Amino acid sequence: MRKILCCLCVSLFLFSCGKSSEKEIVLADLGNDLIETSVFEGDLNKYTDENAKKLAKLTDFELDEIILYVDSGALSEKIILIKADKEVLQTISERLKKENKSLQESYSSYNPDEVVKLKNAVLEIITENTLIYCVSSDYQVIEECIQSYIKK
Amino acid sequence: MKKIVALGIFILFVLSGCQEKREGNPLKEAISQIEKETIFFNELIPFEYDECFQVGLDLDENAISELINISYKKQSEKEELADVHLIFLKENQIINDYYCSLEEGNCISLKNVGHVSYNDGETIQLDRDSIGNYLLHEISYEELPEADFSNSVFLGNSKIEGLMNSGLILEADYICKVGWNVAKAFTETDEVSEELLIDKVNYREYNKVFLMFGDNELGWAYPEEFIEDYKKLIHEIQSRQSNASIYIMSIFPVSKKIDEKGKFGVTKENILIFNELLKKMCEEENLYYLDIYSVLADENGMLPDKASYDGVHPKNDELEKIVQYMKENAKL
């Protein structure tokens, strides 16, 4: 009986998760929520469309939408929010991982605090067509913010 | 014996400014200028140009062709055989020029073969720089419009990355990496593509190249090595972008706190030493030096605390000052 109850609970949990992942994500709203958390030391500049693609070095991808927040004071802090096809997001995700690793090397001798931020970066495909990449001073706050947005 | 009237038509390609002013058909305006024959530089033109028109317009290839035809026609009406030399300028840099012989009925681009003028059938090789100097004399530097960065590329370290991310010059291209220095000029690769950063200079033809190095080299025991490596990089860029003006950006000041720590040799004293070497290098190599240090430094030669989060990298407000300085000092 307990096993059945457990199964039911897990199923319900998964069902609810599945439902929440289908929520239509509005990138601008999620971006606002993230930027309002106090986990960014720098003043991040916001870019959209082609400018965001150029600065995020993603001009070779077909994207439905992109928002980029990036620091101009040489901190590694950054938010990238993207809507695109699932396959595209997978490729971008791999590229961002690679870039993140390379940046860790660049910052290691130069500003070790940034390496910690990069190591703890949040990189998730939060719905089928939405990716979030966020480098901040507190990844837990960012994850909570994302969950809170999804549950809204 | 040819009756030659060399007609020099100097078309100033001052893209941004002219586009703002321009109304209607640019070609018609250019033709109108020619027909009015309003501007004569007889006394100033050092070579064989009897008449010279200055037309401040942005013309496409079709318009240029038509302009050549109109020029021919006009000279024919005067019952003179004309050779037409069109020089297209952008911010005083010759970006293209054509020699057109009415007698032969053809028109060739001289961009890659240097200036040629025809005087009574003789071919004279002209000094491209002389023409440039004449024009500089005729149009004062202050009169030139602010620098346009649309055909520019910025290469350098985290300072350039900061400039890129500020979005203040989005029209330019950027080749930059945190920690990049001149010792790694030919070996540093892109974070993602792993392409050599130096090879990105070949992506397209630029008319201005801005270089920002030195911060990551301040701790080097021999500053002369920095200059030697920097020169190698500059020569390589010159070989790949032979028509581009090269601007060397000075090393920025740092905050008092950073100066006192002196980590990695980052001190005001070293910055001043390196900047002097950069200035000297620019004189020797005929490059443009941009004194960004003076733009940002306070009366003590320091970057004010409020100007930066980390005492090294300027905030957006300071970057705006730099961009304004460059608009005023990187016009050529």
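## Chain A at a glance

Welcome to this predicted model, in which local features need pLDDT of at least 70, side-chain atom pairs count only at pLDDT 80 or more, and totals for chains, interfaces and linings use all residues. In chain A, residues 24 or more positions apart account for 60% of the contacts with a separation of 6 or more, where contact means heavy atoms within 4.5 Å. Residues are numbered from 1 along each chain as its sequence is written, chains are lettered from A and ligands numbered from 1 in the order in which they are written, and side-chain values use heavy atoms, with hydrogens and water left out.

Chain A has six helices and five strands; these are DSSP runs numbered from the N terminus, with helices being H or I of at least four residues and strands E of at least two. Along the sequence, the pattern reads α-α-β-α-β-β-α-α-β-β-α. Of the 152 residues in chain A, 46% are buried, that is, under 20% relative accessible area, with exposed meaning over 50% and partly exposed in between (1.4 Å probe, protein chains only).

## Chain B

Chain B holds 10 helices and 12 strands. Buried residues make up 53% of its 332 residues. Among chain B contacts between residues at least 6 apart in sequence, 67% join residues at least 24 apart.

## Helix H4 of chain A

Helix H4(A) has 23 residues and reaches 33 Å from its first C-alpha to its last, close to the 33 Å expected at 1.5 Å a residue; the expected span is 1.5 Å times one less than the number of residues. Its buried residues include Val88(A), Leu89(A), Ile92(A), Leu96(A) and Leu103(A), along with Glu99(A) and Asn100(A). The buried residues of H4(A) pack against strand S3 (78–83), helix H5 (112–119), strand S4 (122–127) and strand S5 (130–135) of chain A.

Leu63(A) is buried, with a relative accessible area of 13%. Leu63(A) and Asn129(A) are 66 residues apart in sequence and 10.0 Å apart in space, C-alpha to C-alpha.

## The nonpolar cores

In soluble globular proteins, nonpolar side chains tend to be buried together. A nonpolar core here is a set of buried Ala, Val, Leu, Ile, Met, Phe, Trp, Tyr and Cys residues joined through side-chain atoms within 4.5 Å. The largest has 53 residues, and those with the most contacts inside it are Ile82(A), Phe154(B), Met249(B) and Met326(B). Helix H4 (residues 86–108) of chain A gives the most to this core, with six residues.

Not counting residues up to four places away in sequence, Met249(B) touches several residues, among them Phe154(B), Phe210(B), Leu290(B) and Met326(B). A second, separate core of 36 residues includes Tyr206(B), Ile248(B), Leu278(B) and Val312(B).

## The largest cavity

The largest cavity has a volume of about 210 Å³. On a 1 Å grid over the protein atoms alone, a cavity is a set of points where a 1.4 Å probe fits but cannot get out, and lining residues have an atom within 4 Å of a point. Grid points are joined across faces, edges and corners, and a volume is the space filled by probe spheres set on the points.

Of the 19 lining residues, the closest to the centre are Val70(A), Lys78(A), Leu103(A), Glu161(B) and Asn165(B). H4 of chain A and helix H5 (158–166) of chain B each supply at least two lining residues, and H5(B) gives the most, with five.

How values were computed: 1 Å grid on protein atoms, 1.4 Å probe; cavity = no way out; pocket = protein on both sides within 12 Å on 5 of 7 lines; lining within 4 Å.
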